[in-house]
Amino acid sequence: MTGTTPIRVGVAGVGNMGRNHLRVLSTMPQFELVGLYDADAAAATGQAEQYGIEAFSRFEDMLEAVEAVHVVVPSFLHREFACAAAAKGRHVLVEKPIALTLEDADAIIAACEAQGVTLCVGHVERYNPAIATLADIVERDDIIAIDFRRLSPYDERVQDADVVHDLMVHDLDILNWLVPLPLRRLSAQGAQVHSDKLDYAQALLEYEGGTVASLTASRATESKIRAIQITGRKAFIIVDCLNRSVEISRKTHYTLDVGRDISYRQESIVEKVFVPFKEPLLAEFEEFARAIVAGDM
């Protein structure tokens, strides 16, 4: 495999997210979209016809035809599909969460390491342009506190995962990246609202360096909100992940003397950061292709 030869890829699972994978992969020169698999034969056939690819009746048959697999089946099946792909020496991109249990997650990682194949977990929010822009900003400041809010209405399509695995996992991933320090204290609480799993969850974290973080995830809230607020020593940063915007409030000591007994004093300035647009899934898949070519695991 070289950087100029497209990587033969297949998609397992053609639900809502799987269809997005097919759409993006079909446009990428780094990949040759070979086929797909889904237990729903009618859905698989319909998607295969749309993209002019093969609908495999067995996942094992698709593995014989590809070099890499996108695992977009329900979360409780991630271990089965990812480990089967790794055992065949296929590179694996598995949608978030990597698994619903630590045991299953460890098994997927071990299977990929044993075969020397690339493993990517689909934390697509990492590739949100607003989050990518945030990296350059926070490197120049000391973080005091972070507040995450990821709120949504109830989605009946998600049956196997609680709100932590379904939504909060995005913010936990971003938090681990922003604050790479040992955790000192954690407390959490949650509530069941529409299902037999947690539909609302809150977590408070304190790190060894003194940084504190709060996370709220809900699939019982009629408004859809994806917000991050960061309090630093030099600035206050507001990130809207839905609208892909970043605003920074900075301290200033600007005073304008107008020549009379009054003057204008500005305590702070608000900077709206330009965020260049790029589809997050496309950026994620480009990174997966790069890692495969480079031999990264």
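## A buried charged trio

E125 and R150 form a salt bridge, and their closest N and O atoms are 2.8 Å apart. A salt bridge here means a side-chain nitrogen of Lys or Arg within 4 Å of a carboxyl oxygen of Asp or Glu. E125 sits in the loop between β6 (119-122) and α6, while R150 belongs to strand β7 (residues 143-151), so the pair ties together parts that are 25 residues apart in sequence. Helices (H or I, at least four residues) and strands (E, at least two) are DSSP runs, numbered from the N terminus.

R150 also forms a salt bridge with D171, with the closest N and O atoms 2.9 Å apart. This pair links distant parts of the chain, as R150 is in strand β7 and D171 is in helix α7, 21 residues apart. Are these residues buried or exposed? Both E125 and R150 are buried, where buried means under 20% relative accessible area, exposed over 50% and partly exposed in between (1.4 Å probe, protein chains only). R150 has a relative accessible area of 3%, and D171 is buried too, with 2%.

D166 is in helix α7 and R219 in the loop between β10 (212-218) and β11 (225-232), 53 residues apart. Both D166 and R219 are buried. Salt bridges that share partners join K96, D166, D199 and R219 into one network. How many salt bridges does a search of the whole structure find? The search finds 20.

## Two helices side by side

Helix α6 (residues 129-138) packs with helix α7 (residues 163-178) at an angle of about 25°, and their axes are 11 Å apart. Axes are lines fitted to C-alpha atoms, for helices over the stretch in contact, and angles run from 0 to 180 degrees between N-to-C directions. That angle makes α6 roughly parallel to α7 (angles under 35 degrees count as roughly parallel).

The contact (heavy atoms within 4.5 Å) is made by I131, L134, A135 and V138 of α6 and by I174, W177 and L178 of α7.

## About the model

This is a predicted model, in which local features need pLDDT of at least 70, side-chain atom pairs count only at pLDDT 80 or more, and totals for chains, interfaces and linings use all residues. Residues are numbered from 1 along each chain as its sequence is written, and side-chain values use heavy atoms, leaving out hydrogens and water.

Conventions: Parallel < 35°, antiparallel > 145°, perpendicular 65-115°, else oblique.
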